[in-house]
Amino acid sequence: MCGIVGYAGRRPCKPIILDGLRRLEYRGYDSAGIVLIEGDGLQTVRSVGNLDALFAAAGETSSKATVGLGHTRWATHGRPSHENAHPHDDCTGRVSIVVNGIVENYKELRAELTARGHEFKSETDAEVVAHLIEEHVDEGLTAAVCAAARALQGHHAFCAVSADEPGAVVGTRNQCPLVVGVGDGEMFFASAIPAFMAHTRTVIVLEDGDVVTLHADGAEFCDVAGAPLVREETVVPWDDAAAEKGGYETFMLKEIHEQPAALRDTLAGRLLEDGTVDLSEVGIGDEMLRRLRRIFIVACGTSYHAGLIVSYAIEQLARVPVQIDVASEFRYREPVFDPDTLVIGITQSGETADTLAAMRLAREAGSPVLAICNVMGSQATREADYVLYTRAGLEIGVAATKTHTSQVAALLLLALRLAWARGARTEDELKRLGHELRAVPELVQQLLERDTAVSAIAQRYHDERFFLYLGRGMGFAVCLEGALKLKEISYIPTEAYAAGEMKHGPIALLDKESPVVVVADDGPVFPKLVSNIEEVRARGADVIAVATDGNEVIGELSRDVLWVPKCDHHVAPILTVVPLQLLAYHIAGIKGLNVDQPRNLAKTVTVE
Ligand code: M6R
């Protein structure tokens, strides 16, 4: 959580830092701040609320500063307030810092620093960093940052400036993201590359424990003990426009519409024209796939739902037992690992604390770990034994959409490859499914063209106080995702249930007032689902079904139907979730809510 931007160059940097923060606002938006080296001192502006407040406050002063830092906060320790907003300074007001992550030993450090005479102005864990630097700043800012980094426990990235070294910004990371941007006569720090993409696409990705000193003309690298390091530059193949809304009202809508391209990119070069799958880039050989006795899937939120969907496909197609758990439960339930159990960590950001911890646990216990991830160079990809990237591109909307369907597509590739290697299905059958998957991006494109029908249904139901989602098999997993989308962006309470469980409790919720969304693909359990729909109708509730074109039974039983193109039921979850994303989007839009930044949420959850 939290976004950091740093600049050392020759241009006035206030607008550059503010623009960078705007591009990182998805990482946190309860308060924000900026510090600039002005003359021989520091000028700090902080504000509570989203970045508009900071822009207003910072706009009141002119600045020629060419070095500075910015921060947008998602509160962990200390409520969102002016005092707790970053940057934080030391007792002298000559050092200022911004931090992302958590200082786990901050209570001990704060007590020790207080005993040595430091005075704290905030309730945050982060402020200890400013005071630790203060104690060593006479040795130089870089040495002081090294000393502070050595004292900290937890996962964090932080940057510091000192009025006594007006040309420098020093930063370091430990299990939290921090990248360096290399410009022409200017250098950048940021929590994510888009923050400086308008200025440069040349980046240096830092390793844990790197300490970097930026000046206008370059960067010096060392470890926390001060030993020099060499780091390579790379050029990212991204387009600056990817960080903008591209004509859509919101990032979420843009990203929903980017799904055909994201799916095509994720399948490209892996799902071949003859319907077979080539995942040799991942480095897991067929011999290992044959040896596997079990798969664990760990993930959080939407990524967990992608895992749940494909856990059905892996068992059905490849006949490998799969256990799936949310990472926050998995990491503490003492799971039993062995070398023939593959642990798959699914995380679009590659930075989710619980998923990373679950993956680490598995590795330490001797199980091979595969990361399914969207962000190149992220923590999950560095720590895993194997990586299968989704290629969804940058996702800025807090509600995951294109990264979810890309995860399902990538995992289906794995399911097909696994089934092939183990001879669990005939080659013809697997090739047929491969062709079904190849058709999906085009089918999603067609589906997006039916958005007017979804928005009409959203108009009809946007005032409802509760929605129940029912499905079976993979359709149940899609329900969980559809229900999450609606609750997180519209704040309407939702519940998703396996339809067969309805009679064991949730049926008590049904009445004429509560619409029931049913995901009814044409899978083998469809007849069972029809009985469940009858039970719903008998209680007078309206049924909004998601069903495949031409399904007359559903047409007759449901008040409204969100039609999706026909496809095999193994790939159907990539289609059936799309109208549910759009339904949530339109309902939240009618309510006038900010879908890109839902309350209390952040895009990347780097805390437990
Ligand atoms: O980056 P990750 O995939 O690890 O994130 C996990 C969840 O925080 C995430 O999927 C969250 O549930 C979605 N943003 C909700 O739309």
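This briefing describes the overall build of one protein chain and then a selection of its residues. The structure is a predicted model. The protein chain holds 19 helices and 25 strands, and it is divided into domain 1 (3-242), domain 2 (251-438) and domain 3 (449-593). Of its 608 residues, 61% are buried.

**Overall dimensions and surface**

- The radius of gyration of the protein chain is 25 Å, which agrees with the value near 25 Å that a compact globule of 608 residues would have.
- Along the principal axes, the C-alpha atoms of the protein chain occupy a box of roughly 75 × 55 × 45 Å.
- The accessible surface of the chain amounts to about 22300 Å², and carbon and sulfur atoms contribute 49% of that area.
- Among contacts with a separation of 6 or more, 71% are made by residues 24 or more positions apart.
- The side chains include 57 positive and 85 negative ones, and 4 Å lies between the centres of the two sets.

**Domains 1 and 2**

- The centres of domain 1 and domain 2, taken over C-alpha atoms, are 34 Å apart.
- Contact between these two domains involves 13 residues of domain 1 and 9 residues of domain 2.

**Helix α4**

- Helix α4 spans residues 127-136, and it is largely enclosed by the rest of the structure because 8 of its 10 residues are buried.
- The buried residues of α4 are Glu127, Val128, Val129, Ala130, His131, Leu132, Ile133 and Glu134.
- The cover over these buried residues includes the strands β5 (88-89), β6 (95-101) and β7 (156-162), together with the helices α3 (106-115) and α5 (141-151).

**Backbone features in loops**

- His86 and Pro87 are joined by a cis peptide bond, with omega at about 0 degrees. Pro87 is placed in the loop between β4 (67-73) and β5, and β5 is among the elements that cover the buried residues of α4.
- Gln175 is not a glycine, yet its phi is positive, near 65 degrees. The residue sits in the loop between β8 (169-174) and β9 (179-182). With a relative accessible area of 26%, Gln175 is partly exposed.
- Arg319 is another residue other than glycine with a positive phi, here about 55 degrees. Its loop runs between α9 (301-318) and β17 (322-326). Arg319 has 59% relative accessibility and therefore counts as exposed, since the cut-off for exposed is over 50%.

- Glu255 belongs to helix α6 (residues 251-257). Its relative accessibility is 1%, so Glu255 counts as buried, the cut-off being under 20%.
- Apart from neighbours within four places in sequence, Glu255 is in contact with Leu394, Glu395, Ile396, Gly397, Thr401 and Lys402.
- Glu255 and Ile102 are 153 residues apart along the chain, and their C-alpha atoms are separated by 30 Å.
- Gln348 is found in the loop between β18 (341-347) and α11 (353-364). This residue counts as buried because its relative accessibility is 13%.
- With neighbours within four places in sequence left aside, the contacts of Gln348 are Ser303, Cys373, Asn374, Val375, Glu395, Thr403, Gln407 and Lys603.

**Ile544 in strand β24**

- Ile544 is part of strand β24 (residues 543-548), and the residue counts as buried because its relative accessibility is 0%.
- Not counting residues up to four places away in sequence, Ile544 touches Ile457, Tyr461, Phe467, Pro515, Val516, Val517, Val518, Asp560 and Leu562.
- Ile544 and Arg422 are separated by 122 residues in sequence, and the distance between their C-alpha atoms is 40 Å.

Conventions:
Residues are numbered from 1 along each chain as its sequence is written. This is a predicted model: local features need pLDDT of at least 70, side-chain atom pairs count only at pLDDT 80 or more; totals for chains, interfaces and linings use all residues. Side-chain values use heavy atoms; hydrogens and water are left out. Helices (H or I, at least four residues) and strands (E, at least two) are DSSP runs, numbered from the N terminus. The radius of gyration is taken over C-alpha atoms; the globule rule is 2.2 Å times the number of residues to the power 0.38. Buried means under 20% relative accessible area, exposed over 50%, partly exposed in between (1.4 Å probe, protein chains only). Contact means heavy atoms within 4.5 Å. Accessible areas come from the Shrake-Rupley method with a 1.4 Å probe; for residues, only the protein chains shown count as cover. Lys and Arg count as positive and Asp and Glu as negative; His and the chain ends are not counted. The place of a charge is taken as NZ of Lys, CZ of Arg, CG of Asp or CD of Glu. Domain bounds come from an automatic or database domain assignment.
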